[in-house]
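Subject: Handing over a structure

Dear colleague,

I am passing a structure on to you, and my notes on what was found in it follow directly below. Please read them with the structure open beside you.

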Amino acid sequence: GVTWNANTESDLAGYLLYRNDQLANVTGVVVGDLKPYLITGTSYLAVLDLATGSLWRSNASGQSTAQVTATSVASRPTVTDNGQSIFFVDQTSNLRIIGTNGTGGQQLSTSGGFNNVSISPNGRYLAATSLFQEAAIYVFDLQNASGNKVLQLYTPTYTQGVTTGAIRYPDRIDWASDNAQIMYDALNEGVVANGDTVGYWDINFVRLADGNVSRLFPPQPQGV
């Protein structure tokens, strides 16, 4: 999320938000009036009730709260960049969507088996991981189902053209700001010199277009 100290001038029309030198809420080049791209309104926090698993909406001060859904949330929810929709995994491991104002709730899957989700900044692609320790990330194209795909993950090496299949499963996932890559951490296994099998975590990017994997951080030592 993005936070800032609000401007108190009475003639303030709104804010322009830039990401990587480009307006965050538009694609392509903007020529002319920027007013249609001003960000206005109130910022809210998504708050989880640990006793019930229900999701609430709160303003930054915590003085105004409202329940978004009574459905129990199983893992971290994900919100579209325009602040209109929340996606989450429920206690039956199914995918759900609901408006941040608590309306329009839908169950998107019935077979269960999902663990974590992340919605792309443009709201088009929903990425999900599985409970079944699969070396894969599922991507659902919410505009065109023919774009649904399964990105098979692997552990990249520093040798050109050489990969390894030591990855066990990904855990946390998040989209890059360009809607083209997914960042994830993954548990891997490898055999050391004495023959022991050790597990380690690394953090990588996988490219939506072709499934290419690149490292963000190298393998982390035990306990990290």
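In these notes, buried means under 20% relative accessible area, exposed means over 50%, and partly exposed lies in between, with a 1.4 Å probe and protein chains only. Please keep in mind that this is a predicted model, in which local features need pLDDT of at least 70 and side-chain atom pairs count only at pLDDT 80 or more, while totals for chains, interfaces and linings use all residues. Residues are numbered from 1 along each chain as its sequence is written, and side-chain values use heavy atoms, with hydrogens and water left out.

Of its 224 residues, 32% count as buried. Among contacts (heavy atoms within 4.5 Å) between residues at least 6 apart in sequence, 30% join residues at least 24 apart.

E6 is joined to strand E7 (residues 85-89) by 2 bridges, and the two run antiparallel; Thr 78 stands opposite Phe 87 in E7.

The structure also holds 5 salt bridges, a salt bridge being a side-chain nitrogen of Lys or Arg within 4 Å of a carboxyl oxygen of Asp or Glu. One of them is formed by Arg 124 and Asp 141, whose closest N and O atoms are 2.9 Å apart. This pair links distant parts of the chain, 17 residues apart, since Arg 124 lies in the loop between strand E10 (114-119) and strand E11 (125-130) and Asp 141 lies in strand E12 (residues 136-141). Arg 124 is partly exposed, at a relative accessible area of 25%, whereas Asp 141 is buried, at 7%.

Another salt bridge joins Asp 202 to Arg 215, with 2.8 Å between the closest N and O atoms. Here Asp 202 is in strand E18 (residues 197-207) and Arg 215 is in strand E19 (residues 213-220), 13 residues apart. Asp 202 is buried, at 0% relative accessibility, and Arg 215 is partly exposed, at 22%.

Definitions and conventions:
Two strands pair if DSSP finds at least two bridges between them. Helices (H or I, at least four residues) and strands (E, at least two) are DSSP runs, numbered from the N terminus.
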